[in-house]
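This report describes selected features of one protein chain, from its overall make-up to individual side chains. The sequence and the structure come first.

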Amino acid sequence: MPKTAKPGPGATCLGVVKHPAIGIRMPEILLPGIIGGYKERNVAGDLMLSFGRETAPEKIIRAKPGTWEITRGHTGTSIKKYQSMGAKAAEKAGVTVEIEADHLIIIGSATAAVQRIAGYHAESHISEEELQASLDYNMQAIDEAVATGVVGCFTTDTSDLFWLEADGLSPKKTEALFEDSFKPEERRKILARYRKPEVLKGADGKSVRVSISKVQAMRLALKFQRSLTINAQVYRYCKKALGKREFSFEISLDETADMTAPRETLFYLTEWKALGLPCQYFAPNVGFGKRADFKGDMAELQKRVRQHHAISWSVSKALLSIHSGSGTTPYSGKGKGTYEAILAGTGGDVKYKISGVYFELLMEMIAEQPARSEARKLYNQIFDACLKLLKKEIKSEGALAQPLLIAQMAKYEKAIKRNPKKKRDPRADFFRFNSYLALNMRDEDGKRYFREGLIELLKGDDELRAAFDEEVNGQSGVAKTSTTHAGPGIPGPAVVPEEGALMRARIAVLGDTNQDFVMRAEVMPRPGETKTAEDLKFAAGGKGGNQAVAAARSGAEAWLISAVGDDPFGPALLANLEREGVRTEHVIRGEEIARAEQHSACAGGG
């Protein structure tokens, strides 16, 4: 079974241990809530950024505007900065963390790496020149990580080197290319490893059977040959750079166009083991989309995860690493039942990664601030700047102008034409997928004005700072009362629910949802009398809404069956319910729904 985390505060290599892994795109803003969540739950966790997209060496972060594409190091946070700040914050709080160099991706460009998020995959392999340039860049990034003295894990992605055409080769063509690509002794050893089906033990104790035919083994050898060779090169570079320092190594296949087949996991890890190389974590593509709730069959998901878990543990004593853990909203987890399916498929022994959801959360929270507040002004500027940039990309047929973005922009334009109140909606898909670009927008002097503006905003607004930390920490709604991952908060202790957590009560509430206006006066007005209120407060209410919130706070999985209007109060009521952990998919919303307002008057100290 997996080891437990090593004791002691600060940065370390966790080894093979179940844990959450969280991206710290803006460590100045995110670390207090994340570290606070780890500390409260007494859990060792991971702090990371993607080397292929989110972070970059300091010389790139500091380079003159326009030197590099906007997508490279787009958080404006250097490798040195996030790793050093993360380790320091953990040590100060007395928390054990692993600092991860996530997603060392071998690909043609940072823009191509970002396009993966939008579901776009290049059809052809990168050239030898691009490959060498990508390797050189990743080696520089590794060097900066090693120099911090705190990095404990490296994750690689060489899936762009897969030869996908191998899947469609005829048996005759497969055998001919196999003979041309491998020496006789190599061919003999590869085929010998798959002569018999593997019968492995699943997390539930039941058998998992995986077989690879001779033709399939030859195809897989052709498909993965280049990827395995380059992955081994990267591993050996990490090993040499770190010397005697311990580190974990994770192999990621999660951003492929298609789901990973069990036989692919078996073949890749078996060949990796044959190279004499260790793997502590393995990330297959289990069917998750970026920034979207999982909508597939939960039984099938559990079955897939169970198969991959059995293979990775049996072959390499490696845990599964689940990527793309963020959902459609900051409050949806990965969708109803998804996290439970993963836990069941792995027996709770899993590494679970989330990142972008925290920036989405920040955007939603500042979008909800009063119209004339500094927070709302900054949000409007960020939204408008992203909209302008992406419109320009589409018009000029730039690198980011992929089919998904074009469809998202058309959807947004249609939505605001139908309902002008949807303007600057933080949940507009084009914005959710691309709002990160604002962090790397710079003036002529190189200042990342939006990034710095957000940091200054939270520094100067104690109330907003506290509210954001509370949300990140997981102190609201279901994340507060349950150990399953059900919101923007941190998964429960070691990502494993307490005994009975998956059997918690499920309650549906049918009732009204109101916006309360509470006005205070010295004395209650008599019939027909006009009094001036001394105070006016707003609160979410309604018997149905209140009961659903109470149920969620008590630890139940709560649904509300209700309706809200399309006036300014409707979205706010929904956001409040979701923050409290109430599921709102059965709340009807629209212009045809009448507003529900509750006016209450209080006299004296009442």
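Which residue lies over the face of Tyr281? Lys351 does, at 4.5 Å from the ring centre.

## Basis of the values

The model is predicted: local features need pLDDT of at least 70 and side-chain atom pairs count only at pLDDT 80 or more, whereas totals for chains, interfaces and linings use all residues. Residues are numbered from 1 along each chain as its sequence is written, and side-chain values use heavy atoms, with hydrogens and water left out.

## Overall composition

The chain holds 20 helices and 19 strands. These elements are DSSP runs numbered from the N terminus, with H or I of at least four residues for helices and E of at least two for strands. Of the 606 residues in the chain, 55% are buried; buried means under 20% relative accessible area, exposed over 50% and partly exposed in between, with a 1.4 Å probe and protein chains only.

Contact means heavy atoms within 4.5 Å. Among contacts in the chain between residues at least 6 apart in sequence, 77% join residues at least 24 apart.

## Charges over rings

A charge sits over a ring if NZ of Lys or CZ of Arg is within 6 Å of the ring centre and within 35 degrees of the ring normal. Besides the placement of Lys351 over Tyr281, the charged end of Arg291 sits over the ring of Phe433, 5.5 Å from its centre.

Arg291 belongs to the loop between strand S11 (281–283) and helix H10 (298–316). Its relative accessible area is 10%, so Arg291 is buried. Although Arg291 is not a glycine, its phi is positive, at about 55 degrees. Asn42, in the loop between H1 and S3, also has a positive phi, near 55 degrees, and is a residue other than glycine. Asn42 is exposed, with a relative accessible area of 72%. Most residues other than glycine have a negative phi.

## Aromatic pairs

Rings of Phe, Tyr and Trp (its six-membered ring) pair if their centres lie within 6.5 Å; planes under 30 degrees apart count as stacked, over 60 as edge-to-face and the rest as tilted. By this rule the count is 22 aromatic pairs. In one of them, Phe178 and Phe182 have ring centres 5.3 Å apart and planes at 45 degrees, so the pair is tilted. Both of these residues, Phe178 and Phe182, are buried.

Phe383 and Phe430 form an edge-to-face pair, with 5.4 Å from centre to centre and 80 degrees between the planes. This pair links distant parts of the chain, since Phe383 is in helix H13 (residues 374–395) and Phe430 is in helix H15 (residues 429–434), 47 residues apart. Phe383 and Phe430 are buried.

## Buried threonines

Thr174 is part of helix H6 (residues 171–181) and is buried, with a relative accessible area of 0%. Its side chain reaches the backbone oxygen of Ser170 at 2.8 Å. Not counting residues up to four places away in sequence, Thr174 touches Leu169, Val215, Met218, Arg219 and Leu222.

Thr158 lies in the loop between strand S7 (151–157) and H6. Thr158 is buried as well, at a relative accessible area of 2%. The side chains of Thr158 and Ser227 are joined by a polar contact of 2.6 Å; a polar contact is a pair of N or O atoms within 3.5 Å, where within protein one must be able to donate a hydrogen and the other to accept it, and residues adjacent in sequence count only if both atoms are side-chain atoms.

Met48 is found in strand S3 (residues 45–50) and counts as buried at 4% relative accessibility. Met48 and Glu100 are 52 residues apart in sequence, yet their C-alpha atoms are 4.7 Å apart in space.

Ile322, in strand S12 (residues 319–322), counts as buried at 1% relative accessibility. Among the residues that Ile322 touches, not counting those up to four places away in sequence, are Phe288, Lys351 and Lys353.
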